[in-house]
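Please read these notes with the sequence and the model open beside you. They are arranged as numbered points, and each can be checked by eye.

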Amino acid sequence: MTTPIFLNEPTGSAPDGSTPPDVRRSLLDLEYAELEALLKSMGHPPFRARQLWEWIYKRFAADFAVMTNLPAELRRSLAETATLAPLTVAAEVVSQAGDTLKVLFTLHDGQTIEAVLMLYDERRTLCISSQAGCAMGCTFCATAQGGLARNLTSGEIVAQVLHFARYLATPGAEPHSVAERPTHVSNVVLMGMGEPLHNYRNVWAALRRLTDPGAFGLGARHITLSTVGLAPQIDKMADEPLQIGLAVSLHAPNDMLRTSLVPVNKGYPVDEVLGAVSRYIEKTHRRVTFEYALMRGINDTPELARELAGKLRGLLCHVNLIPLNPIPDSPYQPSTSHDAEAFAQILRDAGISTTVRLRRGIEINAGCGQLRRAHRNSEARPN
Ligand code: SAH
């Protein structure tokens with residue numbers, strides 16, 4: 001395991017010892033029309049909004065000072081009242097192979113979130129968070145242990161992508177990884193902290209900006225949203241014009257077992273989730289991914305594989321089997337690779353496309369919420 005590098009330990013303390021909140025408005029929270037309106041209210045013509053938008057989304061500027069085609073007075077007043085950096089890096093870790101980079105960000109109110117960049121062959125896949133914490137309570141997940149602090153704003157979601165876009169586009173950027181630069185973020189997955197469909201409005205506002213060709217311009221098909229299975233929101237997602245990919249965290253084929261792992265299953269039982277998924281496929285004709293974290297002796301038996309195959313038969317889907325990334329103080333352990341392969345083979349024999357995915361970055365605490373937890377513990381220790 002690589003030791004995390006903790007940066008930016010709390011600074012600028014207020015008299016009571018707390019960090020004063022940054023009250024400047026984050027321009028990353030604004031739609032284009034809102035940015036135009038803001039500039040108009042400051043006495044500037046609409047084309048200034050276009051210039052600013054391009055600095056933010058095409059050139060990944062984090063600072064108004066570099067925007068030399070804007071009048072100096074505008075740059076000054078923006079710097080006083082607004083920010084392009086709603087996140088600061090609190091810690092970062094690179095895997096030993098240099099192909100996974102995990103960052104812990106601090107938000108203006110002191111909350112922390114994680115994002116992970118994975119450098120596969122040609123792909124630069126970025127896993128981002130949608131909430132600070134999570135309310136879903138999955139019993140095997142590190143993020144669930146602290147509960148939900150709050151929703152991220154659309155700007156805080158977008159800012160994670162812009163941070164890594166900037167990193168990849170900067171020759172010689174630290175920390176050093178295997179990324180050959182210049183390059184760009186090619187895929188985004190909403191599989192970090194939080195339940196994206198529990199923060200529907202802000203997540204979709206962020207997705208619109210990330211895919212807008214005039215803004216970040218990433219193809220919707222290169223983005224995947226992973227949900228615990230909030231059925232009504234899956235139905236809502238099916239009506240969205242953007243072709244964002246859907247992944248559903250199933251983890252068990254029946255209600256008794258699934259409720260013990262994913263408590264929201266009480267509200268949205270397996271058949272209800274699968275019903276919403278099947279309506280989604282009917283409407284969008286898009287293949288859905290099911291995620292299944294394999295836990296030794298819990299959900300990895302051949303009987304459960306057969307039960308799962310029965311449930312998924314006929315659905316346009318793919319199953320991702322992920323050996324559990326064990327978290328401290330948890331009774332769950334990952335399946336053996338032999339059991340994982342046997343489970344996969346039963347699904348494949350039933351005609352279901354299945355992969356056993358390696359949890360990359362396991363050595364850098366890439367499991368949800370684990371770096372955040374390590375950071376908290378390190379802060380709690382006296383120097
Ligand atoms: N809330 C969303 C997205 C965030 S979690 C969801 O539930 O899908 C992303 C994925 O990581 C989910 O499939 C989740 O079940 C899985 N996960 C969480 N903790 C894990 C762990 N310790 N090991 C393996 N997978 C885990």
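1. Start with the overall picture. This is a predicted model. The protein chain has 11 helices and 15 strands. Of its 383 residues, 54% are buried.

2. Next, helix packing. Two packed helices are described by the angle between their axes and the distance between the axes. For H1 and H2, the axes come within 8 Å and cross at roughly 125°. The crossing in which H1 passes H2 is right-handed. On the H1 side the contact is made by Tyr32, Leu35, Glu36 and Leu39, and on the H2 side by Pro46, Arg48, Ala49, Arg50, Leu52 and Trp53. Sorted by class, the contact of H1 with H2 has seven nonpolar and three charged residues, with no polar ones.

3. The second pair is H9 (residues 302-312) and H10 (residues 337-349), whose axes come within 9 Å and cross at roughly 30°. Angles under 35 degrees count as roughly parallel, and H9 and H10 are therefore described that way. H9 also passes H10 in a right-handed crossing. From H9, the residues Pro302, Leu304, Ala305, Arg306, Leu308 and Ala309 meet Phe343, Ile346 and Leu347 of H10. By class, the contact of H9 with H10 has eight nonpolar residues, one charged residue and no polar residue.

4. Which residues of H9 are buried? They are Leu304, Ala305, Leu308, Ala309 and Leu312. Viewed down the axis of H9, these buried residues fall within an arc of 145°, so they line one face of the helix. They pack against H7 (255-261), H8, S13, S14 (317-323) and H10. Just after H9 comes Gly314, with a positive phi of about 90°.

5. H3 can be read in a similar manner. Its buried residues include Leu74, Arg75 and Leu78. These cover an arc of only 100° around the axis, which puts them on the same side of H3. The face turned away from that buried side carries the exposed residues Arg76 and Glu80. The buried residues of H3 pack against H1, H2 and strand S3 (82-83).

6. His44 sits in the loop between helix H1 (32-41) and H2. Is His44 buried or exposed? Its relative accessible area is 12%, and because buried means under 20%, His44 is buried. Leaving out residues up to four places away in sequence, His44 touches Leu39, Pro71, Glu73 and Leu74. Of these, Leu39 takes part in the contact of H1 with H2, and Leu74 is one of the buried residues in H3.

7. Ile113 is in strand S6 (residues 112-119). Its relative accessibility is 0%, so Ile113 counts as buried. Apart from neighbours within four places in sequence, Ile113 is in contact with Leu87, Val103, Leu104, Phe105, Leu107, Ser129, Gln131, Ala132, Leu152, Gln160 and Met193. Ser129 is 16 residues from Ile113 in sequence, and their C-alpha atoms are 6.6 Å apart in space.

8. Finally, look at the backbone. Most residues other than glycine have a negative phi, and most peptide bonds are trans. Phe60 is not a glycine, but has a positive phi of about 55°. Phe60 lies in the loop between helix H2 (46-57) and helix H3 (72-81), and counts as buried at 17% relative accessibility. His285, also not a glycine, has a positive phi of about 60°. Its place is the loop between helix H8 (270-284) and strand S13 (288-294), and at 64% relative accessibility His285 counts as exposed.

9. Which peptide bond is cis? The bond from Glu174 to Pro175 is, with omega near -5°. Pro175 belongs to the loop between helix H4 (154-169) and strand S10 (187-190).

Note on methods. Residues numbered from 1 in each chain as written. Predicted model: local features only at pLDDT ≥ 70, side-chain atom pairs only at ≥ 80, totals over all residues. Heavy atoms only, no water. Axes fitted to C-alpha atoms, helices over the stretch in contact; angles between N-to-C directions. Helix = DSSP H or I, 4+ residues; strand = E, 2+ residues; numbered from the N terminus. Parallel < 35°, antiparallel > 145°, perpendicular 65-115°, else oblique. Left-handed = near helix turned anticlockwise from the far one by under 90°. Contact = heavy atoms within 4.5 Å. Nonpolar A, V, L, I, M, F, W, Y, C, P; charged D, E, K, R; others polar. Buried < 20%, exposed > 50% of the residue type's maximum accessible area, 1.4 Å probe, protein only. Arc of directions from axis to C-beta.
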